[in-house]
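This report goes through one structure, from the whole chain down to single residues. The sequence and coordinates come first.

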Protein chains: 2
Amino acid sequence: MSELELIAAFQQLLTNRSPRVVRWSGDDCAVVRARAFQAVSTDAMVDGVHFLLDHPGVTPADVGHRAMAGALSDLAAMGADAGEAYVALGLPPGLASADVVALAGGMEELARRTGTTIAGGDVTRAPVLTIVVTVVGWADREADLIGRDGARPGDVVVVTGPLGGSGAGLAILRGEADGPPALVRRHLRPEPRLAAGRALAAAGARAMIDLSDGVATDAQHLAQASEVQITIDLAALPLEAGVAEVAQQLGMSGPELAATAGEDYELCACLDPAAAGALGDAVTVVGRVTAAPDGGAPGLTLAGAPDDRPLRGHQHPVG
Amino acid sequence: MSELELIAAFQQLLTNRSPRVVRWSGDDCAVVRARAFQAVSTDAMVDGVHFLLDHPGVTPADVGHRAMAGALSDLAAMGADAGEAYVALGLPPGLASADVVALAGGMEELARRTGTTIAGGDVTRAPVLTIVVTVVGWADREADLIGRDGARPGDVVVVTGPLGGSGAGLAILRGEADGPPALVRRHLRPEPRLAAGRALAAAGARAMIDLSDGVATDAQHLAQASEVQITIDLAALPLEAGVAEVAQQLGMSGPELAATAGEDYELCACLDPAAAGALGDAVTVVGRVTAAPDGGAPGLTLAGAPDDRPLRGHQHPVG
């Protein structure tokens with residue numbers, strides 16, 4: 001299949017699901033009727049760095065899904081409404097056209113479920129499969145979009161959803177541990193928490209981030225941007241079913257795995273305790289915000305971490 | 001230099017030059033105060049496919065410039081005002097940090113001159129240098145943004161600037177011909193015609209495209225999108241100084257090279273003859289639009305092309 005035939009196959013696969021997208025593929029640019037504020041993020045994923053396309057149990061549709069999910073998760077972390085995605089694909093010579101179409105299908109299926117329109121892109125040759133997804137989200141007011149920098153002493157720290165599933169699933173996929181297939185799926189098919197992000201923003205979240213690297217790293221970003229001290233209680237982290245058992249096989253505790261493995265793509269937010277309480281079961285309180293120490297740098301404390309091995313978040317586990 | 005150190009170096013290098021960019025690097029997303037209509041394009045460039053980083057005479061700043069120029073040229077082709085750029089860099093292990101910073105400097109310098117803010121990005125490892133630039137342009141009215149589909153019988157076809165310089169420069173760079181260094185510079189440092197694009201849109205351009213593949217290919221896109229017949233008079237193409245001499249060494253005529261070599265990043269537009277006349281020396285009339293033939297497909301005729309070798313535009317010459 002030539003580059004032009006592939007683009008034609010994509011055009012058949014993709015749907016413009018927004019009346020705001022007034023020009024779509026087939027022109028020099030997509031044209032979109034804007035709302036007042038735009039949130040934009042770009043995420044690159046490279047075979048051998050962020051995923052292993054040839055790994056048993058990993059399909060091209062999984063890879064497409066994960067690339068789209070990782071980018072949309074950044075919109076969730078701002079509390080934005082998902083809008084459009086622009087996808088650049090670098091395709092290696094040996095990759096079958098059917099696999100490329102399946103990969104695009106994995107992206108489009110998640111786009112459909114989240115109300116996102118894949119509105120443009122580029123296709124080129126590359127030595128290995130390379131996927132760059134740029135997503136645009138929208139809001140009507142600047143205050144509706146939540147950065148990392150608004151946490152205040154007295155806030156609590158909450159997370160959505162159970163954690164550790166993606167890291168445990170990766171270990172199973174790699175043959176390092178046994179565990180339920182649901183955890184592997186959690187790794188291969190993360191869900192961007194767009195609705196939860198909007199709900200947290202509406203509830204008054206002052207700072208928010210998505211858990212791509214693990215709460216041990218990501219909460220540190222919140223602390224630094226907000227210039228506060230954050231304490232996370234490891235024992236309070238909600239664990240996905242089966243995570244503790246996988247962690248044990250890896251020689252660590254469930255909370256350690258949950259705090260460091262990353263790629264759960266749940267959200268972590270700081271907000272007033274009463275506002276957090278009003279969210280009920282949608283979030284779990286896992287920590288608190290205090291003033292940065294006198295004369296010291298803002299930062300993160302992990303309460304309950306083993307003294308003999310400081311926990312650090314992982315960057316980009318290969319799946 | 002680690003990934004984090006590189007990002008810190010970029011942040012020092014880059015400037016937020018727009019009061020509309022309200023959140024910039026250091027958050028999950030950039031946040032931009034929108035205008036009414038947004039134009040977006042994504043361009044991928046890969047070492048060995050779109051450029052040769054190790055080629056003598058090619059600097060990392062050239063490569064950065066060309067990647068940014070190619071993306072901004074798509075905004076020019078819509079008549080949009082340049083807004084923001086988002087850059088994903090895939091960096092191979094052997095690439096020196098100083099080269100990466102120089103590459104980003106080449107991008108930022110063009111961003112500065114065009115009023116563009118590099119508002120976000122991603123950095124990752126990759127087997128070869130990979131650059132994906134997503135650009136966002138803006139307009140206040142939908143009608144200010146010109147697609148490919150509005151050409152009408154009776155329109156003339158115009159181009160900005162002299163053509164063929166990039167293709168001739170590439171031949172010189174490759175050692176296939178001798179010629180002035182200005183042509184090599186034309187290849188390595190193309191200028192996105194943003195002001196010309198806005199002027200053409202304001203003058204009433206009905207269809208517009210940038211000349212990335214050569215007028216022999218790009219005017220065909222206009223003909224197909226507009227469902228008309230376009231005739232380009234090869235003898236009317238304005239040639240950059242020195243192009244005819246380089247073409248002769250390559251065994252072709254100057255207009256042949258100008259029509260097929262691509263990457264000039266000038267603009268090609270269809271508009272009313274009187275409107276074209278009002279633009280004076282800013283454009284050159286190179287052809288005309290007629291109705292698609294009865295029962296035939298819309299398409300392109302190159303008047304003056306040699307009968308024995310049909311001209312086709314080149315895709316992605318390597319520079």
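## Overall form of chain A

The model is predicted. Chain A contains 10 helices and 12 strands. Its radius of gyration is 20 Å, close to the 20 Å that the globule rule gives for 319 residues, so chain A is as compact as a globular protein of that length. The C-alpha trace of chain A spans about 60 × 50 × 35 Å along its principal axes.

Of the 319 residues in chain A, 59% are buried. Among contacts in chain A with a separation of 6 or more, 84% join residues 24 or more positions apart.

## Surface and charge

Chain A exposes about 11,700 Å², and carbon and sulfur atoms supply 52% of that area. The charged side chains of chain A number 22 positive and 39 negative. The centres of these two sets lie 5 Å apart.

## Interface between chains A and B

The size of an interface is often given as the accessible area lost when the parts come together. For chain B and chain A, about 4,100 Å² is buried between them, with 55% of it on carbon and sulfur atoms. B:D28, B:C29 and B:Q38 supply 16% of the area that chain B buries against chain A, more than any other three residues. The contact takes 53 residues from chain A and 53 residues from chain B.

B:R125 is one residue with contacts in both chains: A:V46, A:V49 and B:L91, leaving out residues up to four places away in sequence. B:R125 lies in strand β5 of chain B, residues 117-125. Exposed is the class for values over 50%, and B:R125 counts as exposed because its relative accessibility is 55%. B:R125 and B:F37 are 88 residues apart in sequence, and their C-alpha atoms are 35 Å apart in space.

Just after α4(A), A:G175 has a positive phi of about 80°.

A:G164 is in the loop between β7 (156-160) and α4 of chain A. With a relative accessible area of 1%, A:G164 is buried. Apart from neighbours within four places in sequence, A:G164 contacts A:V243, A:L257, A:A258 and A:D264. The C-alpha atoms of A:G164 and A:L239 are separated by 6.2 Å, although the two residues are 75 residues apart along the chain.

A:R186 belongs to helix α5 of chain A. Its relative accessibility is 11%, so A:R186 counts as buried. Not counting residues up to four places away in sequence, A:R186 touches A:P162, A:G165, A:S166, A:R193, A:E240, A:D264 and A:E266. A:R186 and A:G295 are 109 residues apart along the chain, with 42 Å between their C-alpha atoms.

Most residues other than glycine have a negative phi. Which value does phi take at A:E227? Phi of A:E227 is near 55°, a positive value in a residue other than glycine. A:E227 sits in the loop between α7 (215-226) and β9 (228-233) of chain A. At 60% relative accessibility, A:E227 counts as exposed.

A:E263 is not a glycine either, and has a positive phi of about 65°. The loop that holds A:E263 runs between α9 and β10 (267-271) of chain A. Is A:E263 buried or exposed? A:E263 counts as buried because its relative accessibility is 5%, where the cut-off for buried is under 20%.

## An exposed helix residue

A:A278 lies in helix α10 of chain A, residues 273-278. A:A278 has a relative accessible area of 69% and is therefore exposed. A:A278 and A:A71 are 207 residues apart in sequence and 29 Å apart in space, C-alpha to C-alpha.

Methods. Residues are numbered from 1 along each chain as its sequence is written. Chains are lettered from A and ligands numbered from 1 in the order in which they are written. This is a predicted model: local features need pLDDT of at least 70, side-chain atom pairs count only at pLDDT 80 or more; totals for chains, interfaces and linings use all residues. Side-chain values use heavy atoms; hydrogens and water are left out. Helices (H or I, at least four residues) and strands (E, at least two) are DSSP runs, numbered from the N terminus. The radius of gyration is taken over C-alpha atoms; the globule rule is 2.2 Å times the number of residues to the power 0.38. Buried means under 20% relative accessible area, exposed over 50%, partly exposed in between (1.4 Å probe, protein chains only). Contact means heavy atoms within 4.5 Å. Accessible areas come from the Shrake-Rupley method with a 1.4 Å probe; for residues, only the protein chains shown count as cover. Lys and Arg count as positive and Asp and Glu as negative; His and the chain ends are not counted. The place of a charge is taken as NZ of Lys, CZ of Arg, CG of Asp or CD of Glu. Buried area is the accessible area (1.4 Å probe) that two parts lose on being put together, summed over both.
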